[in-house]
Every structure is written in structure tokens, then in C-alpha cells.
Amino acid sequence: MRALLPIAAMALLGGCATNSLVLLPSEDGGHGAVAVLDGKGGETVVSQPNSRTRLAGRPTTAAYQVKPAEQALLDGLPPKPAQFILYFKEGTTDLTPESQPRLEELLAEVRRRPGVEAQVTGYTDTLGSDDDNDRLSQRRAEEVLEVLAAQGIDTGLLTAVGRGERSLLVKTGDGVREPANRRVEVIVR
């Protein structure tokens with residue numbers, strides 16, 4: 001979804017005052033490319049960030065400086081989602097000691113964002129029955145959700161789901177202890 005940000009911004013900015021398109025870099029400094037067809041079989045490829053091409057007549061590409069009003073629009077976009085993975089002790093809802101600092105990073109991110117929402121998904125390894133793992137993964141997700149709710153996040157903006165041993169981070173057979181699969185993934189928007 002975030003990969004479409006430069007294209008969305010181009011369309012937004014390109015339609016502001018003139019029939020043109022501006023290719024903007026993404027948050028990570030990367031960029032894509034856009035082919036503009038002129039209706040007569042000609043094509044202009046816009047592939048350099050901060051370049052503009054006309055959409056009417058014969059397209060030409062030129063360097064472009066973002067205008068202050070356009071920059072204000074870009075600055076108003078929400079930050080990209082942040083993802084956190086927290087790991088758990090076997091068969092419990094207790095975080096591993098190694099995950100405590102990551103939990104603090106998660107809480108700092110939540111406090112930094114106004115109007116935050118979070119999706120919390122719990123997982124298990126393949127030790128135990130499918131039903132037990134579904135229940136344990138749900139409890140893990142709910143525990144993390146409660147920690148987030150304690151930060152003042154509207155619980156209507158939080159979701160918790162347990163996926164049991166589905167979507168293993170490390171593929172294993174059934175009945176295998178794998179610490180990397182005992183996790184909760186949190187996406188903060």
C-alpha cells in the first residue's frame with residue numbers, strides 16, 4: 001500500500017493546477033516509474049524522483065521542485081505503518097526478556113502517534129493441539145492489546161486475533177518447539 005504513495009501523491013499534486021505529473025520519492029528514498037502515453041503511440045517514462053512531465057501535448061520530462069503548498073500536503077500524510085514482533089515463553093503469555101525492550105519501543109511509537117490504531121496478531125509454535133494453540137495465540141494477542149489500551153488508546157481502534165500455528169515464521173513439523181513462532185505481531189498505524 002505504501003508503495004503506491006508516490007503514485008497517489010503524483011496524482012494529487014499533478015492535478016492541482018496543470019495537466020502534469022510529478023514523481024516523488026517514497027519515505028525510504030526509493031521511487032518507482034510511470035509511463036505516460038501521448039495517444040499517438042509515443043511514450044515518456046518518468047523515472048527520476050522530483051521530475052515532472054506534461055500530460056497534454058507532447059510529454060517532456062523536467063526536474064521539479066515541490067512547491068510549499070504541495071509540501072504541506074505531503075507533510076500532512078500519516079507516517080507509514082510500523083511493525084513490531086514480540087516473542088513469548090513456551091506455553092505462556094509471558095514475554096521473553098529479549099522482547100521487553102521491543103515492547104518499550106512499541107509503546108513509544110504508540111505515544112508518538114495521534115489517533116493511533118493497532119492490529120495485534122498472536123501465533124504459537126506447533127507444540128500442542130490446534131485448539132490449544134488457537135486459544136493461546138488469542139490470549140497472547142489480547143494481553144498485548146490490554147497493554148496498549150492502558151496507554152489510553154481507544155479500544156475501538158485496537159484489534160486482537162489469534163492465528164495459532166498458522167503462518168509459522170520458521171516452518172516446522174507438528175509438535176516442534178520453535179521460539180521464533182511463539183510471537184505477537186503488532187502493526188501500528
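These are my notebook entries on one chain, looked up in a predicted model.

**Entry 1: the whole chain**

I started with the inventory and got four helices and nine strands. Reading from the N terminus, I wrote the order down as α-β-β-β-β-β-α-β-α-β-α-β-β. The chain has 189 residues, and 36% of them count as buried. Then I checked contacts between residues with a separation of 6 or more: 60% of them join residues 24 or more positions apart.

Which order do the strands take in the four-stranded open sheet? I read it as 6-9-7-8, with mixed pairing. Strand 6 and strand 8 (158-162) are at the edges; each has a single partner strand, so one side of each has no neighbour in the sheet. On average, neighbouring strands here are turned by 15° against each other, direction ignored.

I took a look at one pair in particular. Strand 7 (residues 118-122) and strand 8 run parallel and are joined by five bridges. Within that pair, Val 120 stands opposite Ala 160 of strand 8.

Next I asked what packs on this sheet. Helix 3 does, touching strand 6 and strand 9, and its direction makes about 150° with that of strand 6. Helix 4 packs on the sheet as well, touching strand 6, strand 7, strand 8 and strand 9. I noted about 160° between the direction of helix 4 and that of strand 8.

**Entry 2: helix 3**

I did a quick length check on helix 3 (residues 100-112). At 1.5 Å a residue, its 13 residues should span 18 Å, and the end C-alpha atoms are 19 Å apart, which agrees.

Which residues of helix 3 are buried? My list is Leu 103, Leu 106, Leu 107, Glu 109 and Val 110. They cover an arc of only 160° around the axis, so they sit on the same side of helix 3. A reminder to myself: an α-helix has 3.6 residues a turn, so residues three or four places apart point the same way. On the other side of helix 3 I found Arg 111 and Arg 112 exposed.

For the cover over the buried residues of helix 3, I noted that it includes strand 6 (82-87), helix 4 (130-149) and strand 9.

**Entry 3: Val 188**

Val 188 is in strand 9 (residues 183-188). Is Val 188 buried or exposed? Its relative accessibility is 0%, so I put it down as buried.

**Entry 4: Tyr 123**

Last, a loop residue. Tyr 123 is in the loop between strand 7 and helix 4. At 8% relative accessibility it falls under the 20% cut-off, so Tyr 123 counts as buried. Setting aside neighbours within four places in sequence, I found Tyr 123 in contact with several arginines, among them Arg 140, Arg 163 and Arg 182. Its contacts also include Ser 137, Gly 164, Asn 181 and Glu 185. For Arg 140, 17 residues from Tyr 123 along the chain, the C-alpha separation is 7.9 Å.

Note on methods:
Residues are numbered from 1 along each chain as its sequence is written. This is a predicted model: local features need pLDDT of at least 70, side-chain atom pairs count only at pLDDT 80 or more; totals for chains, interfaces and linings use all residues. Side-chain values use heavy atoms; hydrogens and water are left out. Helices (H or I, at least four residues) and strands (E, at least two) are DSSP runs, numbered from the N terminus. Buried means under 20% relative accessible area, exposed over 50%, partly exposed in between (1.4 Å probe, protein chains only). Contact means heavy atoms within 4.5 Å. The expected span of a helix is 1.5 Å times one less than its number of residues. The arc is that of the directions from the helix axis to the C-beta atoms. Two strands pair if DSSP finds at least two bridges between them. Axes are lines fitted to C-alpha atoms, for helices over the stretch in contact, and angles run from 0 to 180 degrees between N-to-C directions.
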